[in-house]
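Hi everyone, thanks for making time. Let me put the sequence and the model up on the screen, and then we can walk through them together.

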Amino acid sequence: VVNCSSDDTAANTPEEEEAEGTEILPEDRLPLIAISTNGNQIVDEPKVDATFLVTEGNTISYEGRMGIEIRGASSQLFPKKSYGFETRDATNEDLDVSILGFPEEEDWILYAQYSDKSLMRNMLIYDLSRDIGQYASRTKFVEVTLNDSYQGVYVFMEKLKRDDGRIDINNLKEDENSGEDLTGGYILKIDKTAGTNLGEGYNDQNSFRSAFLPPGALVGQEINFLYEEPDAEDITVEQKAYISNYVGQFEAALTSDDFTNIETGYQAFIDVDSFIDFFILNELSNNVDGYRLSTFMHKDKNGKLKMGPIWDFNLAFGNADYCAGGTTNVWSYRFNERCPNDFWQVPFWWERLLEDPTYVARLQSRWNELRGSSLSNGSILSKIDSYTAVFNSSGSAKNNFIRWPVLGTYIWPNNFVGNTYQQELDYMTDWIDNRLQWMDREIENL
């Protein structure tokens, strides 16, 4: 439950800054999202009624109703909360709107960076994903107030869902249960179960299980695929059978002796390019949750299984102190070797794909292409510099750490604790440089 009373520890408002002689020009400020819950407390389901204003510069660019709830899994333990919200009309029905220039939709997220003291890990990887041609949630830095209490810097972002402007796949309806209608679109997820999943834990209502155990797992762990769209409540028996059989056929082909055969092997079932790009983004950042949590995949009508979009990289880029998440010289996909007792393990797919020389050659080619463009050291560093410049000119990072004084303090699962914001940025940029060097060498030698 969020305490919605005003807060004496809140950072200065723009007006207070001006009074202190640290005036920030309106055009330099981050967009401000001001939420009013009218006395309601925000909880983790159901969404509660609220109103909000979006201010850009001196202009109110959106004003309306919302239903808002706390979101996240382990991050819910942090005092700075992330929120999911729906935009609503005067009768409290869902309403597609454009906020901050994003395509019209109704489902949005305010992501709270708390353990990620750079404030930019998710922003960076999502921008890089779109740069290499793979959709990721659009993102924008904002500041948030809740009932007039300043809450710091957030990332405003799109919730991942089927939509023309998001995961652009066919809208599979409940009466489409045969023929080519049945072939898509589906969104699946390898993740923890959450409130939207029916029943307790993983069960036949909300997921299906892989027939293949994760490699190296020591305590009988299994891989479960959650139904994301159609979700557990709406998916039909026929649709469950189709998508679970499809993934089962892919996995069987991938384990077969003839797995490299173009017509009968794994390539008949998956979009290989999407798998390669997904691999590159997870490995570039040594995402300790990669492949095993917050892992989306989707299949369009008459299409093959695609990996992505990527999601939730707040523990990536050296920000985790367990299972070698902070190091630059390990493969993320080999997580199971380092932490064989962890409940959530990496599927066998990634290890097996690298046994195909053709796949390896395609991966090497794609890596070299991207290193000369979107994933060059200079390109990545310029993104970090541009975010930093925005934080500096707006004063927002400074205000965030006044509101949440976490610099110099260990916040789970920090691998590095800097005493200043600059030290946090220096750590991350040095980490990325070292990681890229290691990746160049290792991919060449696969």
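This is a predicted model: local features need pLDDT of at least 70, side-chain atom pairs count only at pLDDT 80 or more; totals for chains, interfaces and linings use all residues.

Residues are numbered from 1 along each chain as its sequence is written, and side-chain values use heavy atoms, with hydrogens and water left out.

Now, labels. Helices (H or I, at least four residues) and strands (E, at least two) are DSSP runs, numbered from the N terminus. Two strands pair if DSSP finds at least two bridges between them.

So, back to that pair. Touching, or contact, means heavy atoms within 4.5 Å. Helix H4 (residues 272-284) packs on the sheet too, touching S11 and S12, with its direction at about 20 degrees to that of S12.

What is the strand order of that open sheet? Its five strands run S9-S10-S8-S11-S12, with antiparallel pairing. S9 and S12 are the edge strands, each with a single partner, so one side of each has no neighbour in the sheet. From one strand to the next, the twist averages 30 degrees.

Over to the barrel. Seven strands close it in the order S1-S2-S3-S4-S5-S7-S6, with mixed pairing. The twist there averages 40 degrees from one strand to the next.

Let me zoom in on S4. Strand S3 (residues 59-71) and strand S4 (residues 82-88) run antiparallel and are joined by seven bridges. Arg65 has Arg88 as its partner in S4, and Ile70 has Tyr83. Is S4 buried or exposed? Seven of its seven residues are buried, where buried means under 20% relative accessible area, exposed over 50%, and partly exposed in between (1.4 Å probe, protein chains only). Ser82, Gly84, Glu86 and Arg88 cover one side, with Tyr83, Phe85 and Thr87 on the other.

Across S5 (107-112), S6 (139-146) and S7 (149-158) lies helix H2 (residues 121-131), running at about 150 degrees to S6. In the loop between S5 and H2 you will find Ser118. At 0% relative accessibility, Ser118 counts as buried. Leaving out residues up to four places away in sequence, Ser118 touches Phe391, Tyr421, Leu425 and Met428.

Next, the cores. In soluble globular proteins, nonpolar side chains tend to be buried together. A nonpolar core here is a set of buried Ala, Val, Leu, Ile, Met, Phe, Trp, Tyr and Cys residues joined through side-chain atoms within 4.5 Å. The largest one has 99 residues, and Phe275, Trp349, Trp350 and Tyr359 touch the most other members. Helix H10 (residues 421-444) gives the largest share of this core, ten residues. A second, separate core of 25 residues includes Ile42, Phe85, Phe102 and Trp108. Going back to Tyr359, its contacts beyond four places in sequence include Tyr266, Phe275, Trp350 and Leu354.

Last stop, the cysteines. How many disulfides are there? Taking a disulfide as a pair of cysteine sulfur atoms within 2.5 Å, the count comes to one. Cys323 and Cys339 form it, with their sulfur atoms 1.8 Å apart. The torsion about the S-S bond is about -110 degrees, so this disulfide is left-handed. Cys323 counts as buried at 15% relative accessibility, and Cys339 does at 14%.

That's my tour, and I'm happy to take questions!

Technical notes:
Axes are lines fitted to C-alpha atoms, for helices over the stretch in contact, and angles run from 0 to 180 degrees between N-to-C directions.
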